[in-house]
Amino acid sequence: MLSTDAALDRLSTVLAHAKRLGADAADAIYIGDASTSISVRLGALDDIGRSEGEEIGVRLFAGRRSASVSSSDLSPAALAVAVERAFDMARQAPQDPYAGLAPDELLFRGAAPALDLCDADQPSAQALREAADAAEDAARAVAGVTNSEGASASHGTASIALATSGGFAGGYTTSSYNLSASVIAGEGAAMQRDYAWHGARHRADVDTPEEIGRRAGERAVKRLNPIKLETASLPIIFDPRVSSSMLGHLLGAITGSAVTRKTTFLLDALGQAIFDGGVTIVDDPLRPRGPRSKPFDAEGLAARRTTLIDKGVLTTWLLDSASARQLGLTPTGHATRGTGGPPGAGSTNLYMLPGDISAEAMIADIPRGFYVTELIGQGVNPVTGDYSRGAAGFLIDGGALGPAVAEVTIAGNLKDMFRALTPASDLKFRHAVNAPTLRIDGMTVAGA
C-alpha cells in the first residue's frame, strides 16, 4: 500500500499523460487497503485472513463526454495504457451536459483539519485472536447460552488520495478496528440467536471484548420464548440498534441521483417540514475519529458540517457536481466514489440530535406497544415511502418491557412515520449513522 505522498506522485503522472493525449479535464483516485481478521468458534480458531489491495481509477473528459478506467497494476506502463483506454472510450461516449469536474472555486484549500483518523496501535494477529476468544468466552458464560456462532476481531488501514486537473491534490490515511460475537440461547426449536459488535477508528475506542460478549449473550437469552402479537395499531419504540435505519431511509430519499431521477417520495419536500419541529439531523465529516470523517469529498470539495433537517425542515439535498448541475444547485461536498466510475453522493457521520425525554419515560407512557430490536427484510418503496418490514423485539405492557416478540411485521408510510417520530435523549456516537431511541405512534403491527 502506497503512502499518500507516493500515491499522489502516481496520480500526477496519470494526469500529465491525460493532458498530453488531449483530454480537456481529468481526475484520478488511489485507494489502497490492508486488513487482518481472526474468527474463533467454541474456543478454536475458525478462520484467519489477510488481504491487501490497491487500485487507481482515472476519469477523463473529452468535452462533455467522459469515461472511467481502473487498474490494480500501478506500474507506469500499465497506468499509461489505462489512461489511453479511458481517452479512447471518452471520445466515443455519449454527450452528457452535466458531466465535469467540481467547480475550482469550491475545491478544498489549506491545511487539513486534525481528524485523528489513523491509530498507530496496530494489533498483531495474536492480539486479535485473544480479543475474539475473550468476547466469545464472555458470551458463553451468560446463563442460558447453549452454543456459539463465533466471535471475530479485525484491524485494517486504508489510504486514499485524489488529484484533479483543476489543481486539487490531497490524501489521508485511516484505520479501523472491529470486534463482534454471536451466540445461541435455548435448545431445539426454542433456540434464539443474537449478537453484539462495535467498531471504531482507534482500538481504544472500541468496547472491551467482555462487554461485547456479555451483551451478545444477554440479548440472546432475553429473546427466548417469544410470543406473537395480534394485528393492531400500536406505538412503536425503535431501540438504538435499529433506530438509525430511519436515517438511512431519509438519506436514500435526498441524494442527488434519487432527486434527478424522480425516484424519491420526498421529491417536492425541499424547504418543507417533513419531521416534527423537535427533530434535527446533522451530517458531520469533521468529527475527530469519526467512522467516516474525511477532510474532503471524492471530488476534492471541502468537507463541512451540514444540518440536513433543521427543526423538522429539509434544508438540502446531498449533491455531487453532476446532480447539482442538473438541478441548478451547488454541490454540497458529499461526493463519494470508488475507482471504477463517476462520483455519487452519500453521508459521512450522520446523526439525529437527542430529544428532551428519556427512553425510560417514553416507554412508561405506553400502555401497550412494541419495542423493536431487530428489523428483517428490505420492504421499503423509495418512490412512495410505503414501509413494511419484519421485526422482533419485546412487548410493551403497562409502561414496561414484557416478553419477547417474534415473527411480526410493522407497516406504515415513511412520510407519516417521519412526522410522528419523537427522539429520546439517549443519543450515543457508536457508528457512522446514529440515532437515539425513537417513538413512532400509529404504525400497524401485523401478527398472528
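At what angle do helix α1 and helix α2 pack, and how far apart are their axes? In this predicted model, the angle is about 45° and the axes lie 10 Å apart. Helix α1 spans residues 4-21, and helix α2 spans residues 76-92. The two helices are therefore oblique to each other. The crossing of α1 past α2 is right-handed. On the α1 side, the contact is made by Val14, His17, Ala18 and Leu21. These meet Leu79, Ala80, Val83, Glu84 and Phe87 of α2. Of the residues in this contact, seven are nonpolar, one is polar and one is charged.

An open sheet is built from five strands. Their order is β10-β9-β8-β13-β18, with mixed pairing. Strands β10 (313-314) and β18 (433-434) form the edges, and each pairs on one side only. Strand β13, residues 350-352, pairs with β18 in the parallel sense. Two bridges join this pair. In one of them, Leu350 has Val433 of β18 as its bridge partner. In general, strands of a sheet pair through backbone hydrogen bonds, either parallel or antiparallel.

Leu318 and Ala258 are 60 residues apart in sequence. In space, their C-alpha atoms are 9.9 Å apart.

Note on methods
Residues are numbered from 1 along each chain as its sequence is written. This is a predicted model: local features need pLDDT of at least 70, side-chain atom pairs count only at pLDDT 80 or more; totals for chains, interfaces and linings use all residues. Side-chain values use heavy atoms; hydrogens and water are left out. Axes are lines fitted to C-alpha atoms, for helices over the stretch in contact, and angles run from 0 to 180 degrees between N-to-C directions. Helices (H or I, at least four residues) and strands (E, at least two) are DSSP runs, numbered from the N terminus. Angles under 35 degrees count as roughly parallel, over 145 as roughly antiparallel, 65 to 115 as roughly perpendicular and the rest as oblique. A crossing is left-handed if the near helix is turned anticlockwise from the far one by less than a right angle, and right-handed if clockwise. Contact means heavy atoms within 4.5 Å. Ala, Val, Leu, Ile, Met, Phe, Trp, Tyr, Cys and Pro count as nonpolar, Asp, Glu, Lys and Arg as charged, and the others, Gly among them, as polar. Two strands pair if DSSP finds at least two bridges between them.
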